Amino acid sequence: MRNNLPPLVSIAVITYNHQKFITTAIKSIIAQDYPNFEIVVADDASSDNTVELVQKLSEKHPEKIRILTTAKNVGPVNNWFQCVTACKGKYVIGLAGDDEFLPGMLSKQVANMEKHPNSAISYADAIVFDVKNNEKLYNLSGKTPSKSGGLKIALEDSIYYSPSIMFKKEFVPKKNIFQNLRSGADLAFYKEIMIIAGEKAEIHYLPEALYKYQKHDANITVTETNYRTEHIEAIIILQKKYPQYKECLNPSIYDFCCVGFLKNLAKFKLQEAMYFLLEGLKAAKYNPLKLFRAALWGVKFYIDNSRIKK
């Protein structure tokens, strides 16, 4: 370590019309107890004052904050890849411009990564916060599976829905194979990192809430109508590039399909519901036992979230 500093961590912040949240988001990074980090903000052609607010913060912390902008809106997938590629740290962690880090996020995640030399990804629990009603809704760990393990577990399960993922920059792919998608490639991106890291790669979970995910009407999962279908498309793209892992990746398709099916069925969107049902059946090879496991998780996920307006 140079000058006795711990490893450099890059925080990749992607923004689009986040003027209501971006100042608090960046301040939650500045307030961390970890001394060696950079903040790379990639703004996706915001039409509000997001960039101006980031520039003001950059003037106060010029050694910490870099700003990237696009001439036209390219969507979250390509904006994210641009942001991550520009990062210089040993470790990278994302922060949406409308979310916040909780205290200890960086120091505890780095300690977790350094403790496990084969770790390609570390992730922690997160709290989900309802902005409109100004209240905490739940911990994400109570709604989605949380596990540690090797490559097989990381590829088979949809285990890291937490937005708190930290990963090694060296394993970021050289090419964005999801460039034709707009918003639904996040889970597939992290799975590709695990594949690039190799057979000995590990993923490690911290059972402590270190991230605040803010739920509101402008979330990507609300405004990007193709988000859930693109998730399936992204996994299929990954299967085509890495055919040796096709079977391991199938469960992350039918797990997600069950949630998509239930959500759309409840809203009487029958065409969309049928899409998820058929894709789920195909990925599960029409095995009812596999679908039953996925359906239980999907029902639990839907019931627990049904009181939140989408």
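This is a predicted model: local features need pLDDT of at least 70, side-chain atom pairs count only at pLDDT 80 or more; totals for chains, interfaces and linings use all residues.
1. Residues are numbered from 1 along each chain as its sequence is written, and side-chain values use heavy atoms, with hydrogens and water left out.

2. The chain has eleven helices and ten strands, taken as DSSP runs numbered from the N terminus (helices H or I, at least four residues; strands E, at least two). Of its 310 residues, 55% are buried; buried means under 20% relative accessible area, exposed over 50%, and partly exposed in between (1.4 Å probe, protein chains only).

3. The buried residues of helix 10 are Ala273, Phe276, Glu279, Gly280, Leu281 and Ala283. After helix 10 comes Lys285, with a positive phi near 55°.

4. Eight salt bridges are found in the whole structure, each a side-chain nitrogen of Lys or Arg within 4 Å of a carboxyl oxygen of Asp or Glu. One of them joins Glu38 and Arg66, with the closest N and O atoms 2.9 Å apart. Glu38 is in strand 2 and Arg66 in strand 3, so this pair ties together parts 28 residues apart in sequence. Glu38 is buried at 8% relative accessible area, while Arg66 is partly exposed at 26%.

5. Glu247 and Lys285 also form a salt bridge, at 3.1 Å from N to O. Glu247 belongs to helix 9 and Lys285 to the loop between helix 10 and helix 11, 38 residues apart. Glu247 is partly exposed at 45%; Lys285 is exposed at 52%.
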